[in-house]
Amino acid sequence: MGSVGTHRHARRRTFRAAALAGIVVAATLAGVGRGVALDATTTSPRLALAAPVVGISATPSGSGYWLVASDGGIFTFGDARFFGSTGALRLNQPIVGMAATPTGNGYWLVASDGGVFTFGDARFFGSTGGIRLNQPIVGMAATPTGRGYWLVARDGGTFSFGDAVFHGSTGGIRLNQPIVGMAASPTGRGYWLVASDGGIFGFGDARFFGSTGGIRLNQPIVGMAATANGGGYILAAADGGVFPFGNAEFFGSAAGACTGARGIGIATSRGARGYWVSFADARTYALSPSSPAPQCGPSGGSKADIATRDYLDRLNAERAARGLHALAWDDSLSAYAANWSREMAASGFRHSNIGSLLDGRFGLVGENIATGRGAGVTAGVLHVSWMRSDGHRTNMLSPGFDVVGIGVYCAADGTMFATQVFARRASSGPAPRGGTPPVDPIVRADPGTASC
């Protein structure tokens, strides 16, 4: 990733309801084929997709998740690692879902014909790829051992492989609405199926805790997830609405957070208290006791948009790993950051007058800036550069900030200019005190591919 070559201590500049003193750090990283400079003063945008997202699965730690698109393209966030995809393959049928292994070191993808694709430590135990199905496959679930899985079809027909045991299905029942997903019980001795009207069908030791079958929904149900102890489950609708049952806790929904894409699923993890709701355009919202209300980020599929999303995911992954609340996306700060990145490209690398943002909405603001050009310069490289610099890291991991805006500008020669603007809402009251957080662990140290 390159080593720190020189450090230049510059003017101190922080703003707290007025221009006060703070730390500004500038550094240069030495590396073959790239030059990076950065400076600092003291959920979400969308990815460019070749195909829509159709599934989500969380890591066992609760600090990351995978998204899968209908072409089998895999997108990793937090501590979710990339083990391969079918993005470059010619598929007979589109991918419709995925399941992670219990170790978090692999995953299965399933296509609508029941073809199963394995990556990492996920083993192949069989498929319905060679079987003539009455209805297409719509989802899958893995056993707790990782040595088997179930597939479920649109009519509720259930197919078991490996150590997955068949406990029943709705294949012979006339359903009011089609099945759209399934979840396994934590013991592996049962599973739930869910229909698009929220009707729930439990088999084996999967108990019934309620459903939306008798409720008039604004949008159909698209998926479900079980709680860690199997004492409940949570359903997600196409508009991002969330419906908990049993001991499933409600931390809010993503309904109305952003228009233009359909909700595709919900995920839980034994390592996290809360859930993720994901949409077809890859927007994903974490709902938990410490998560802010979902907000819509900027749309678009340019290189700058992809890098912006990458910076935001990396930032909140670092905060989550340290028990800090996620920073909510603020459209006004994002516009400011994007304009400043563009301005730096036109007139030089320097800080903006962030004191101008103290207009009554915010009581504390801060800014990180970075630029880099050449082979290998990605958002991940600049993120690590910020994390290894005290001033930048203090901004990124400050408990006092509650919102952020990020803007990236890609110059014609491939140079990336990036600006992070942090703020604390005036309505949030005084900011808690905090020192300079330690560098390690940097949980998103991978360079990634988001570049100009």
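The following legends describe close-up views of a predicted model.

**Figure 1. A salt bridge joins Arg283 and Asp281.** A search of the whole structure finds 13 salt bridges, and this view presents one of them. The closest N and O atoms of Arg283 and Asp281 lie 2.8 Å apart. Both residues, Arg283 and Asp281, are buried.

**Figure 2. Within helix H1, Asp313 and Arg309 form a salt bridge.** The side chains of Asp313 and Arg309 come together with an N to O distance of 2.7 Å. Helix H1 comprises residues 303-321. Because Asp313 and Arg309 are four residues apart in this helix, about one helical turn separates them. Asp313 is buried, and Arg309 is buried as well.

**Figure 3. Asp446 and Arg314 are linked by a salt bridge.** The side chains of Asp446 and Arg314 meet at 3.2 Å, taken from N to O.

**Figure 4. Four residues form one network of salt bridges.** The members of this network are Asp310, Arg314, Arg444 and Asp446. They are joined through salt bridges that share partners. The contact between Asp446 and Arg314, with its N to O distance of 3.2 Å, is a salt bridge between two of these members.

**Figure 5. Three strands make up an open sheet with antiparallel pairing.** The order of the strands in the sheet is E9-E10-E11. Strand E9 (95-100) and strand E11 (116-120) are the edge strands, and each of them pairs on one side only. On average, neighbouring strands of this sheet are turned by 20° against each other, with direction ignored.

**Figure 6. Strands E9 and E10 are joined by five bridges.** Strand E10 consists of residues 106-111. E9 and E10 run antiparallel. Ile95 has Ala111 in E10 as its bridge partner. The strand that contains Ile95 is E9, which spans 95-100 and is an edge strand of the sheet.

Terms used: Residues numbered from 1 in each chain as written. Predicted model: local features only at pLDDT ≥ 70, side-chain atom pairs only at ≥ 80, totals over all residues. Heavy atoms only, no water. Buried < 20%, exposed > 50% of the residue type's maximum accessible area, 1.4 Å probe, protein only. Helix = DSSP H or I, 4+ residues; strand = E, 2+ residues; numbered from the N terminus. Pairing = 2+ DSSP bridges. Axes fitted to C-alpha atoms, helices over the stretch in contact; angles between N-to-C directions.
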